[in-house]
Amino acid sequence: MKQYTKLTAVLLALALALTGCAGGTDGSGKPSDSSSEPLAEPPAASVPDQSQEEEENPFTPEEMDMIKFNYYVELNNDLVDILDSMEYYFQVVDYQEEFSLLPDTGLTYGYRVYGKNTDIIEDCLYLADMEPSYGEMDQMVKDLAGPLEAVMDACSSISGSYDYADNQYQKAKEYHAALYANAETVQSLGYDFMDAVAAMGAERRAEEEEQMKADGRLIIYNASRAISIGKDILNTIYSQGVGDENINDMDLSEIRPLYDELVQVVADFDAAAADSDQMIQESLSNSRPFDGLLDSLIQALDWMMKQVESGKVPDMSHSGAPLGSIAHVSETLSKCIERYNSVFVD
């Protein structure tokens with residue numbers, strides 16, 4: 001099975017966490033309900049049940065689009081966690097049909113394997129047949145549903161069991177059979193689905209940022225744009241096949257232009273936030289809504305580039321992400337996203 005790195009999980013999670021806003025504000029400086037990219041949380045409105053749809057769908061097409069995308073994002077995030085659990089599982093168990101523990105791992109069976117609620121699969125299956133059509137993405141949900149549910153159930157059983165060694169690992173063999181039989185399908189279809197969701201999210205976010213700029217909302221525009229650039233940098237690093245374990249392989253010629261753009265965008269953000277008229281226009285009261293977090297992102301990237309140039313690999317043996325690591329950049333970006341959501345999103 002192809003290794004699923006923690007960096008991948010971080011990237012995919014970050015790729016979907018930021019919510020922009022395509023419409024105007026509601027007077028509080030926060031986006032109205034026309035916001036289209038979700039917070040990696042279930043939508044406020046629930047999925048209409050079948051009896052509702054047969055009579056009359058109570059939601060507008062725009063609301064249905066937001067509901068459907070929200071649920072697909074939630075499924076995406078569960079996939080990130082499940083693929084992460086599968087990676088850890090196969091660090092302890094040999095990747096072959098017959099159940100066999102790997103020797104000398106120093107890890108216990110079930111190490112960092114966590115279960116997930118499968119209700120999201122049923123919800124997404126129902127939405128896959130509803131308008132608006134997401135084309136191939138809807139079919140991916142249908143193809144992925146059965147194998148993913150089997151893996152989720154197996155992971156839940158593993159995380160909730162403490163008698164693995166009883167009866168010569170008979171229960172563990174049952175769980176392994178489900179995991180092994182569906183691992184490749186869940187991984188291959190899962191990556192395709194997450195790529196599709198990320199592409200749709202990026203497209204919507206770009207449209208929303210253009211609308212922010214056109215509306216003269218320069219504070220939220222530059223905040224959103226700074227985070228988008230941060231995610232572009234991480235995506236570029238990931239596309240190079242680079243992680244902290246091989247950070248010196250990073251091609252900085254692809255990173256520096258994005259870094260320079262980020263520096264300018266943060267400067268534009270600071271200038272807009274220092275303009276009292278602009279603050280009033282966007283109904284904001286805190287002149288430092290990010291408390292220097294965007295500057296911290298620049299600093300984290302600067303440290304990372306110096307780490308690459310040093311020819312040394314960051315020491316990842318201790319808890320926490322060390323300065324100069326890609327993990328520290330991801331961690332800092334995550335804090336920026338959380339702050340963005342707390343300032344600009346209902």
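I began with glutamate 261, which is partly exposed at 32% relative accessibility (buried is under 20% relative accessible area, exposed over 50%, partly exposed in between, with a 1.4 Å probe and protein chains only). Before going on, I noted that this is a predicted model, where local features need pLDDT of at least 70, side-chain atom pairs count only at pLDDT 80 or more, and totals for chains, interfaces and linings use all residues. Residues are numbered from 1 along each chain as its sequence is written, and side-chain values use heavy atoms, with hydrogens and water left out.

**Confidence**

I looked up pLDDT (the predictor's confidence in each residue, from 0 to 100). The protein chain averages 84, and 84% of the residues score at least 70. Over residues 1–44 pLDDT stays under 50, and there the model has 135 contacts beyond four places in sequence (a contact means heavy atoms within 4.5 Å).

**Salt bridges**

My search of the whole structure gave eleven salt bridges (a side-chain nitrogen of Lys or Arg within 4 Å of a carboxyl oxygen of Asp or Glu).

Back to glutamate 261: which side chain does glutamate 261 meet in a salt bridge? The partner is arginine 225, at 3.0 Å, N to O. Glutamate 261 sits in helix α8 (residues 256–273) and arginine 225 in helix α7 (residues 218–239), so the pair ties together parts 36 residues apart in sequence. Helices here are DSSP runs (H or I, at least four residues; strands are E, at least two), numbered from the N terminus.

Next I checked arginine 204, whose side chain meets that of aspartate 65 in a salt bridge of 2.9 Å, N to O. This pair links distant parts of the chain, with arginine 204 in helix α6 (residues 170–214) and aspartate 65 in helix α3 (residues 61–89), 139 residues apart. Is arginine 204 buried or exposed? Arginine 204 counts as buried, at 12% relative accessibility.

I also found aspartate 291 bridged to arginine 339, with the closest N and O atoms 2.9 Å apart. Aspartate 291 lies in the loop between α9 (276–281) and α10 (293–310), and arginine 339 in helix α11 (residues 326–344), so this pair ties together parts 48 residues apart in sequence. Aspartate 291 is partly exposed at 49% relative accessible area, and arginine 339 is partly exposed at 24%.

One more entry: Asp78, Asp81 and Lys116 are linked in a network of salt bridges.
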